[in-house]
Amino acid sequence: MIKKRLVAAAVVATLVPLTLAACGGGGSNGPGSSSSSSETVDSLTVLDYYSDEPSHSLIGDQLSKCGTSIGVAKVDHQSVPGPTLIQKVLQQASSKTLPDVLMLDNPDIQQIAEAGALAPLGDFGINADGYAPGPVSAATYDGQLYGLQPGANTLAIFYNKDVLAKAGVQPPKTWDELKTAAKKLTSGKQYGFAFNATADYEGAWQFLPPMWTNGGDETDLKSPQVAEALQLWKGLVDDGSVSKSAVNWKQSDVNDQFIAGKAAMMLNGPWQIPSLQKAKVNFGVVPFPINKPDQTSIAPLGGEAWTVPETGNDAKKAKAAELVKCMNTDDNQMLRAKQGGLVPTKVALYDQYKKEVPSMAGFTDAVANARARTGKLGAKWPDTAKVIYTGMQLVLTGQAAPADAMAKAGAS
């Protein structure tokens with residue numbers, strides 16, 4: 001799920017001078033000191049944004065068990081609300097109290113690594129061999145790996161099996177099929193399709209499947225491929241297959257519409273599955289449709305990674321890296337995926353996971369090709385995301401044509 005905690009460039013810039021003096025955090029021997037890697041480590045501090053239950057307890061239990069397995073008596077698991085995590089990290093960097101292990105939303109990793117606040121995992125003999133390319137790209141900065149992501153999420157098309165069967169409609173595999181199906185499924189108070197097109201990062205996140213699948217690229221937002229994706233969204237709204245309220249709907253609102261029977265299909269993520277199961281919705285999931293035969297469905301990568309901050313304590317950093325590695329074993333990836341509505345990031349686990357959790361099969365296939373939002377732009381992604389959602393809103397509110405919208409929104 002996209003998190004509303006992308007680090008502003010100005011905020012990260014303030015981190016740079018702080019991290020230069022961050023040695024001594026996480027229990028080191030003092031400012032500028034570096035302990036021996038042979039030092040006995042009895043405890044580790046961990047910071048994440050899993051502040052809500054049951055996530056906090058589930059992650060805490062996993063961390064505790066990993067701590068035991070690597071010989072650490074105590075894992076001090078601290079959680080803060082998502083929007084406050086980066087500010088907390090800034091404060092800890094300033095006071096030289098960075099945690100030993102830090103969880104980061106994957107779009108934030110490159111920015112924090114660029115600021116010098118993270119240790120390359122290669123320093124501890126850790127690599128990401130066998131992982132899906134998206135999570136590796138998101139956690140890589142300047143050729144070095146800084147985080148391991150145990151689970152991922154992305155976007156795909158949910159469809160109401162009963163509604164589509166009654167209408168004689170198959171789940172769409174192409175844009176033409178999506179347009180035809182959405183139109184046919186629109187009846188009375190029921191729209192054929194629903195998506196989130198808000199003027200924020202969530203809206204940009206939801207526009208990436210049509211943009212990327214069609215060959216559009218964040219480095220060239222004025223391309224015909226991006227304009228075609230904008231036209232797809234505009235056409236669905238213009239012909240009444242998607243509500244004009246899409247410009248105001250968050251992903252949770254889209255899910256509410258789907259549950260209430262006011263949308264036959266929706267673009268959303270696996271975090272919605274528990275509410276759908278609770279509401280007893282008979283749903284299926286398929287990857288976002290392609291526009292042309294030679295295309296591959298591509299959706300954005302979501303999820304969090306475990307990192308090792310630059311605390312200045314070599315022994316604790318080494319032990320922290322062991323904890324990160326433990327949180328990413330095959331068993332722990334499978335456990336976390338099942339608990340959190342995620343997909344394991346190790347490709348070799350996909351077949352087993354789809355067999356054990358059939359409701360996640362569509363998302364597992366999507367994650368295999370999911371792309372990191374920061375993969376091409378790194379720390380510049382947040383600014384580009386603003387251009388994307390602004391251009392999208394200009395089109396859907398009739399203020400710009402698809403071919404002109406991104407330029408009007410500020411695309412270079």
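**Figure 1. Glutamine 225 and the exposure of its side chain in the predicted model.** In this predicted model, glutamine 225 is partly exposed, because its relative accessible area of 30% lies between the limit of 20%, under which a residue counts as buried, and the limit of 50%, over which a residue counts as exposed. The residue is placed in helix α9, which covers residues 224-238. Once residues up to four places away in sequence are set aside, glutamine 225 touches Asn214, Gly215 and Gly216. Glycine 168, by comparison, stands 57 residues away from glutamine 225 in sequence, and the C-alpha atoms of these two residues are 31 Å apart in space.

Figure 2. Helix α7, made of residues 175-185, packs with α9 at an angle of about 10°, and the two axes are 11 Å apart. The pair is therefore described as roughly parallel, since angles under 35 degrees fall in that class. On the α7 side the contact is formed by Trp175, Leu178, Lys179 and Ala182, which meet Glu228, Ala229, Leu232 and Leu236 of α9. By residue class, this contact of α7 with α9 holds six nonpolar residues and two charged residues, with no polar residue taking part.

**Figure 3. Crossing of helix α8 with helix α16.** Helix α8 spans residues 201-213 and helix α16 spans residues 381-396; their axes come within 8 Å and cross at roughly 80°. Sorted by class, the residues of the contact of α8 with α16 comprise eleven nonpolar, one polar and one charged.

**Figure 4. The protein chain as the setting for the close-up views.** The protein chain has 17 helices and twelve strands, and its C-alpha atoms fill a box of roughly 70 × 45 × 35 Å along the principal axes. Its radius of gyration is 22 Å, which agrees with the value near 22 Å that a compact globule of 412 residues would have. Of these 412 residues, 57% count as buried, and the chain exposes about 16,200 Å², of which carbon and sulfur atoms supply 50%. Among contacts with a separation of 6 or more, 76% are accounted for by residues 24 or more positions apart.

Note on methods:
Residues are numbered from 1 along each chain as its sequence is written. Side-chain values use heavy atoms; hydrogens and water are left out. Axes are lines fitted to C-alpha atoms, for helices over the stretch in contact, and angles run from 0 to 180 degrees between N-to-C directions. Helices (H or I, at least four residues) and strands (E, at least two) are DSSP runs, numbered from the N terminus. Ala, Val, Leu, Ile, Met, Phe, Trp, Tyr, Cys and Pro count as nonpolar, Asp, Glu, Lys and Arg as charged, and the others, Gly among them, as polar. The radius of gyration is taken over C-alpha atoms; the globule rule is 2.2 Å times the number of residues to the power 0.38. Buried means under 20% relative accessible area, exposed over 50%, partly exposed in between (1.4 Å probe, protein chains only). Contact means heavy atoms within 4.5 Å. Accessible areas come from the Shrake-Rupley method with a 1.4 Å probe; for residues, only the protein chains shown count as cover. Angles under 35 degrees count as roughly parallel, over 145 as roughly antiparallel, 65 to 115 as roughly perpendicular and the rest as oblique.
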